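Please work through the exercises below with the sequence and the structure open beside you, and try each task before reading its solution.

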Amino acid sequence: MEAALEYFIDIMIKTTFITALLMNIGVSQGDAGIITSLASLGFTAQFFSVMFINPGNHVKRMSTVMHFINQLMFVIMYVIPGVNISSGMKMVIVAGLYLAGNLLHYTVFPFKFDWMMSYVEDKKRGVFTANKEIVSLLGGIIFSNIMGMIIDHYKAIGREDVGFIISAITIFILCILHLITLLVVKDPEGYQGVNYAHQKKMSVREILGFTIFDKKVSKVIILDILWHIGTGISTAFFYIYAQQSMEIKVLTITIITAMSSLLRVLVSNLFGRIADNTSWANMLRISFCIGAVSFLIFAFANPANCVTLNLFGYEIRLNIFHTLYLLLHAVYMAGTNSGMTNITFDYVSHENRRFALGIKSAIGGFIAFLATLAVRVFVDAYPDGVFKIFGTPIYTQQILSFGTFIIFILIVFYIEHVIMKLKVVD
């Protein structure tokens, strides 16, 4: 339940909905990509949290308080479009709240994740994670479609600000419910994980020694860097490309996303069993192959090949390549979303997991932000296409998606020839 409620909030701040908010305040495609990629920059907080924070026996208290504050920031973010200030000031405030909220979220993440997962046997992490995702995804299908209808309705009648106020109220209710789920989880004193209060204080040199400078963990960190470069150069610009350039409505995207979530539900347990019965590395190799195909397909998606269908009296505009991408991307994420976290646990001892997870995520997130920043000028420079093939404009998002396809192919080879040769820690 805790994971599901957190996922619903995540839907509102990292997908089609945050894009609709950014479009409303007049943000360009390039700037929208940078703002949404601030979530990746938030990962850097994990580096400092695992280095300098020791919550002792207060993991639950720290998780509860910091999550409540960070989610309230997202509530305020959705109120900003209705405030009578300049578009530039709105963009600065939204970006600031978005970054601060993500920094707080990821500061506490390594401790909370270690605390929650400590109740799960290592040999059952795959299936448990899959079941947890299934609950979140099924609930997310209903939730995202309801919110999509609300946003599109108020946009159609020229009152988009009302839709955002309803979104703010919704996030606040979810925030309270999420707070309750954290409060009812067992206190850290009773769990079988690390007792932070009695763990000896480690120097920065020691922590770096069994993370960045460890032969096994460093190879996993490189894998994470490759993954973040691949997604960082492209995915941050996809949502606004679909809504602005291809003119696909929020509700249409949420319906397609719902279909992809159902597909993800169907394959989640399969990926979990593959990870438990073989290895997380083998499962990731399979999921990255699927991910590579999804990005290759998106490389063909542009406004010229969009179609408008009439279903039951309603006109729906969509793009077949964009739709296929979302479906295959969901299958890829069924393996990668949990796999990129859990594979870290395979190569470090239990007491050092939070350090490895935090440092890996911080480096990967920072690299992702730099990757997005590097291509942002390219995206803004060619909003109407970079060049033409047989009279059809080729957009920057298509080129970047093909770049991600190439990087994912390299990742598959890296997993097979490097990661799968590493010995898993008992």
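## Exercises on a predicted model

**Exercise 1.** Decide whether glutamate 247 is buried or exposed.

*Solution.* Begin with the backbone, where glutamate 247 has a positive phi of about 55 degrees although it is not a glycine. Then take its relative accessible area, which is 53%; since exposed means over 50%, glutamate 247 is exposed.

**Exercise 2.** Decide whether threonine 252 is buried or exposed, and find which residues it touches.

*Solution.* Locate threonine 252 in helix 13. Its relative accessible area is 10%, and because buried means under 20%, threonine 252 is buried. Leaving aside residues up to four places away in sequence, threonine 252 touches Ile316, Arg317 and Leu318.

**Exercise 3.** Determine how helix 8 and helix 13 are oriented to each other.

*Solution.* The axes of helix 8 (residues 125–156) and helix 13 (residues 250–277) come within 8 Å and cross at roughly 180 degrees. Angles over 145 degrees count as roughly antiparallel, and therefore helix 8 and helix 13 are roughly antiparallel to each other. Sorted by class, their contact has 14 nonpolar, 10 polar and six charged residues.

**Exercise 4.** Find which helices the buried residues of helix 9 pack against.

*Solution.* First identify buried residues of helix 9, among them Phe164, Ile171, Leu174 and His178. Then follow the packing of the buried residues of helix 9, which is against helix 1 (2–14), helix 2 (16–24), helix 6 (59–77), helix 7 (87–117) and helix 8.

Key: Residues are numbered from 1 along each chain as its sequence is written. This is a predicted model: local features need pLDDT of at least 70, side-chain atom pairs count only at pLDDT 80 or more; totals for chains, interfaces and linings use all residues. Side-chain values use heavy atoms; hydrogens and water are left out. Axes are lines fitted to C-alpha atoms, for helices over the stretch in contact, and angles run from 0 to 180 degrees between N-to-C directions. Helices (H or I, at least four residues) and strands (E, at least two) are DSSP runs, numbered from the N terminus. Angles under 35 degrees count as roughly parallel, over 145 as roughly antiparallel, 65 to 115 as roughly perpendicular and the rest as oblique. Ala, Val, Leu, Ile, Met, Phe, Trp, Tyr, Cys and Pro count as nonpolar, Asp, Glu, Lys and Arg as charged, and the others, Gly among them, as polar. Buried means under 20% relative accessible area, exposed over 50%, partly exposed in between (1.4 Å probe, protein chains only). Contact means heavy atoms within 4.5 Å.
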